[in-house]
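These are my notebook entries on a two-chain model. I record what I looked up, entry by entry.

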Amino acid sequence: MGRAALQLLSSWAIPLAVAGVPLLALARKQQVYPAFLEGAREGFETAVRIIPPLVAVVVALGMFKASGALDGVARALAPLTSALGLPAPVLPLVLVRPLSGGAALGVVADVLRTEGPDSLAGRLASVMAGSTETTFYVLAVYMGAARVTRYRHALAAGLLADAAGFAAAALVVHAYFGR
Amino acid sequence: MSVLWTLLVAASVAAAAVNGRMAELTAAIATSAQAAVTLALGLVGVLALWLGLMRVAERAGLVALVARALRPALRRLFRGVPDDHPALGAIVLNVSANLLGLGNAATPFGVEAMRRLEELNPRPGTATDAQALLCALNTASVQLVPATVIALRAAAGARDPADVVGPVLLASACGAATAVVAAKLLARAFPAPPAGAP
């Protein structure tokens with residue numbers, strides 16, 4: 001039942017958004033087309049802007065794998081990761097996600113490329129990236145804007161939210177896509 | 001990130017030396033650099049489409065619509081912020097924009113909310129409970145349309161790039177719930193210093 005509802009949501013969300021949003025905007029007498037172009041340009045710039053961090057991360061990960069180091073780490077952590085339901089390729093994402101958004105995107109892209117987007121690892125990486133944030137960046141920007149220098153419990157709460165997001169992602173992906 | 005990246009690269013070279021895989025390593029360096037650019041360019045189309053749609057959604061007043069729906073719940077979470085204070089309005093817009101996946105639009109609202117909350121802060125420079133909660137909520141990333149992830153999956157040739165939408169919503173809701181509970185509980189564990197203290 002829950003699965004069917006999620007499936008329905010997943011398959012309808014995108015087409016509904018693509019058709020519904022412009023219709024709504026038109027009904028509200030907005031300039032749909034210029035607004036679209038404005039945002040699309042921003043999307044183009046985003047894609048170009050992430051090339052440098054993507055190169056950095058994908059090269060480092062490519063080296064880490066080709067050298068056999070990832071296999072070694074995965075073997076060492078196997079008891080822990082299998083208990084948590086984490087495939088080895090997803091491991092670097094947990095480490096990098098709170099630190100750097102571009103780097104996390106690089107890890108996801110790398111998992112999708114090497115494991116395939118429809119693999120368990122690929123889906124798990126996608127859900128993990130979608131359901132967590134670059135905690136250190138958010139804190140730096142938000143606290144910095146208000147000139148707050150003592151964060152108190154904000155960092156701990158943010159990292160706990162990340163951890164909960166990772167755990168929930170593993171649970172949901174296994175329940176939803178699991179073999 | 002500097003330390004992490006450098007260690008990763010150095011450890012790889014060391015491991016390749018131990019495993020006798022220098023040739024594979026050299027090949028991987030070149031092919032990964034190439035692959036990274038191919039990936040980014042593969043993203044251009046879908047990312048442009050989504051951010052274009054997002055901008056249309058913003059103009060259509062969708063953010064304002066969601067904001068109105070969220071206001072009562074957020075008022076309860078951010079007790080101590082006066083009802084008519086501009087901070088609450090900015091918080092509502094920040095959370096709504098996040099919910100709609102408008103990361104770039106959410107940040108200015110969030111920054112504005114933090115500045116307004118600082119006006120209410122009896123201890124400037126030390127985060128208030130409300131400021132910590134707002135930051136935690138933003139790190140939890142609740143969103144209805146995870147556009148960037150969908151774009152990445154589409155570029156990688158997924159059969160149904162959007163099939164992760166439901167799971168992402170569920171997982172990020174867990175993250176957000178944790179953020180709220182943790183912020184509320186930890187606020188007691190890390191009390192603010194008395195007003196006027198250095």
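I took contact to mean heavy atoms within 4.5 Å. The model is predicted, so I kept to its conventions: local features need pLDDT of at least 70, side-chain atom pairs count only at pLDDT 80 or more, and totals for chains, interfaces and linings use all residues. Residues are numbered from 1 along each chain as its sequence is written, chains are lettered from A and ligands numbered from 1 in the order in which they are written, and side-chain values use heavy atoms, with hydrogens and water left out.

**Entry 1: Asn138(B)**

I then asked: is Asn138(B) buried or exposed? Asn138(B) has a relative accessible area of 5% and is therefore buried, the classes being buried under 20%, exposed over 50% and partly exposed in between (1.4 Å probe, protein chains only).

I next listed polar contacts, each a pair of N or O atoms within 3.5 Å; within protein, one must be able to donate a hydrogen and the other to accept it, and residues adjacent in sequence count only if both atoms are side-chain atoms. The side chain of Asn138(B) makes one of 3.1 Å with that of Tyr142(A) and one of 2.6 Å with that of Asn98(B).

**Entry 2: helix H8 of chain A**

I turned to helix H8 of chain A, residues 135–145, and noted Thr135(A), Val138(A), Leu139(A), Tyr142(A) and Met143(A) as its buried residues. Viewed down the axis of H8(A), these fall within an arc of 105°, so they line one face of the helix; the arc is that of the directions from the helix axis to the C-beta atoms. Thr135(A) has a relative accessibility of 0%. Apart from neighbours within four places in sequence, the contacts of Thr135(A) are Pro98(A), Leu155(A), Gly158(A), Leu159(A), Asp162(A) and Thr139(B). After H8(A) comes Arg147(A), with a positive phi near 55°.

For chain A as a whole, I recorded 9 helices and 0 strands. Of its 179 residues, 52% are buried. The C-alpha trace of chain A spans about 60 × 50 × 35 Å along its principal axes.

**Entry 3: the interface**

How many residues of chain B are in contact with chain A? I noted 97 residues of chain B against 93 of chain A. The area buried between the chains is about 7800 Å², with carbon and sulfur atoms giving 74%; this is the accessible area (1.4 Å probe) that the two parts lose on being put together, summed over both. Between chain B and chain A I also recorded 24 residue pairs in polar contact, both residues at pLDDT 80 or more. H2(B) gives the most to the side of chain B that touches chain A, with 24 residues. The residues on that side divide into 64 nonpolar, 23 polar and 10 charged. Here Ala, Val, Leu, Ile, Met, Phe, Trp, Tyr, Cys and Pro count as nonpolar, Asp, Glu, Lys and Arg as charged, and the others, Gly among them, as polar.

**Entry 4: salt bridges**

I counted a salt bridge where a side-chain nitrogen of Lys or Arg lies within 4 Å of a carboxyl oxygen of Asp or Glu. The total over all chains is 15, and the count between chain B and chain A is 7. Arg55(B) and Glu38(A) form one at 2.4 Å, N to O. This pair crosses from helix H2 of chain B to helix H2 (residues 32–49) of chain A. Arg55(B) is buried at 16% relative accessible area, whereas Glu38(A) is partly exposed at 32%. Both belong to a network of salt bridges that links Glu38(A), Glu42(A), Arg55(B), Glu58(B) and Arg59(B).

Arg123(A) forms a salt bridge with Asp163(B), the closest N and O atoms being 2.7 Å apart. Asp110(A) is buried at 2%, while Arg113(A) is partly exposed at 40%.

Technical notes
Helices (H or I, at least four residues) and strands (E, at least two) are DSSP runs, numbered from the N terminus.
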